Amino acid sequence: MAQKTFNNRSAATLQIGLLVRQGADPANFDGVLYFTLRPGETRTITYGNQQNVFLNGVVMSTNFNGDIYNKTQIVTVRGSQLDNLLNTNSIIDILPISTDYVMFGRNS
């Protein structure tokens, strides 16, 4: 199993789906793990198994202040910017920037 900590640094409740990769190849998909982050909430999420420890993408949505927001990001090539963000960081911070919610990665 793999773990990653998510920090919601916004005033919106975020619904998040983690796209779990099967093995090392981004073309292979193992499933989706859904969870919710309340405003300001930090959660450590456990996903995958011993063979499937990588993430292939993320789906993020919210309905906040009269606006519906939905964003899907998917890895297609190992070593891409999104692949590195999701798979080389233990902590993902989500911040509101203008009309977007942007993920930043760091390690503890």
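These legends go with several views of one predicted protein model.

**View 1. The whole chain, start to end.** The protein chain holds 1 helix and 8 strands (DSSP runs, at least four residues of H or I for a helix and at least two of E for a strand, numbered from the N terminus). Along the sequence they run β-β-β-β-β-β-α-β-β. The C-alpha trace spans about 40 × 25 × 20 Å along its principal axes.

View 2. Take contacts (heavy atoms within 4.5 Å) between residues at least 6 apart in sequence: 60% of them join residues at least 24 apart. As for burial (under 20% relative accessible area, 1.4 Å probe, protein chains only), 40% of the 108 residues qualify.

**View 3. The largest nonpolar core.** This set of buried Ala, Val, Leu, Ile, Met, Phe, Trp, Tyr and Cys residues, joined through side-chain atoms within 4.5 Å, has 23 members. Phe6, Ile16, Leu18, Ile94 and Met103 have the most contacts inside it. Elements giving two or more residues include strand E1 (2-8), helix H1 (81-87) and strand E8 (100-106). Strand E2 supplies the largest share, 4 residues.

**View 4. Close-up on Ile94.** Skipping neighbours within four places in sequence, Ile94 touches, among others, Phe6, Leu14, Ile16, Leu37, Met60 and Met103.

**Notes on the numbers.** Residues are numbered from 1 along each chain as its sequence is written. In this predicted model, local features need pLDDT of at least 70 and side-chain atom pairs pLDDT 80 or more, while totals for chains, interfaces and linings use all residues, and side-chain values use heavy atoms, with hydrogens and water left out.

Conventions. Buried < 20%, exposed > 50% of the residue type's maximum accessible area, 1.4 Å probe, protein only.
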